[in-house]
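Here is a friendly walk through one model, with charged pairs and packing in view. Please keep the structure open beside the text as you read.

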Amino acid sequence: MRTEIDYRRPAKLGDQLVIEGRLDRVERVRFWCAFQITRPKDNTLIAQCHQMLALIEMPEGKLLHLPAHWKKYRTDDSAEFQRESQVPISGKKYTQ
């Protein structure tokens, strides 16, 4: 639904890059993921991305509720996660 990218430094053809992703925020019908691209050779931050996504039933274009088991990722008072409760997409611990 929406993507924001902040390009910090250039990468060159042939650079090996690491892309880390995490589930950042969850609501009833939409969720946000955050990504960070780094070049491990010199630990340079290349880009940061924030995406808002939703499940859409096609061809009607109807927004679907997120799966019931995703409810555990929502907080009671706010959809924003605290840093320690963020869920990495890869299943590995998120490090910055």
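This is a predicted model: local features need pLDDT of at least 70, side-chain atom pairs count only at pLDDT 80 or more; totals for chains, interfaces and linings use all residues.

Residues are numbered from 1 along each chain as its sequence is written, and side-chain values use heavy atoms, with hydrogens and water left out.

**The core**

Let us start inside. The largest nonpolar core is made of 5 residues, namely L23, V26, F31, C33 and L66. Strands β2 (18-26) and β3 (30-39) each supply at least two residues of this core. A nonpolar core here is a set of buried Ala, Val, Leu, Ile, Met, Phe, Trp, Tyr and Cys residues joined through side-chain atoms within 4.5 Å. Buried means under 20% relative accessible area, exposed over 50%, and partly exposed in between, with a 1.4 Å probe and protein chains only. Strands (E, at least two residues) are DSSP runs, numbered from the N terminus.

**The salt bridges**

Side chains of opposite charge can pair when their charged atoms come close. The structure holds 7 salt bridges, each being a side-chain nitrogen of Lys or Arg within 4 Å of a carboxyl oxygen of Asp or Glu. Three of these pairs are set out here.

| Pair | Closest N and O atoms |
|---|---|
| R2 and E4 | 3.1 Å |
| R39 and D15 | 2.9 Å |
| R22 and D24 | 3.4 Å |

How exposed are the partners? R2 is partly exposed at 48% relative accessible area, and E4 is also partly exposed, at 42%. In the R22 and D24 pair, R22 counts as buried at 13%, and D24 is buried at 12%.

R39 lies in strand β3 and D15 in the loop between β1 (2-7) and β2, so the pair ties together parts that are 24 residues apart in sequence. D15 and R39 also belong with D42 to a network of salt bridges.

**A residue in the loop**

Which residues does A11 touch? Setting aside residues up to four places away in sequence, A11 touches L17, R39 and I46, where contact means heavy atoms within 4.5 Å. A11 lies in the loop between β1 and β2 and counts as partly exposed, at 38% relative accessibility. A11 and L45 are 34 residues apart in sequence and 9.7 Å apart in space, C-alpha to C-alpha.

Notes. Helices (H or I, at least four residues) and strands (E, at least two) are DSSP runs, numbered from the N terminus.
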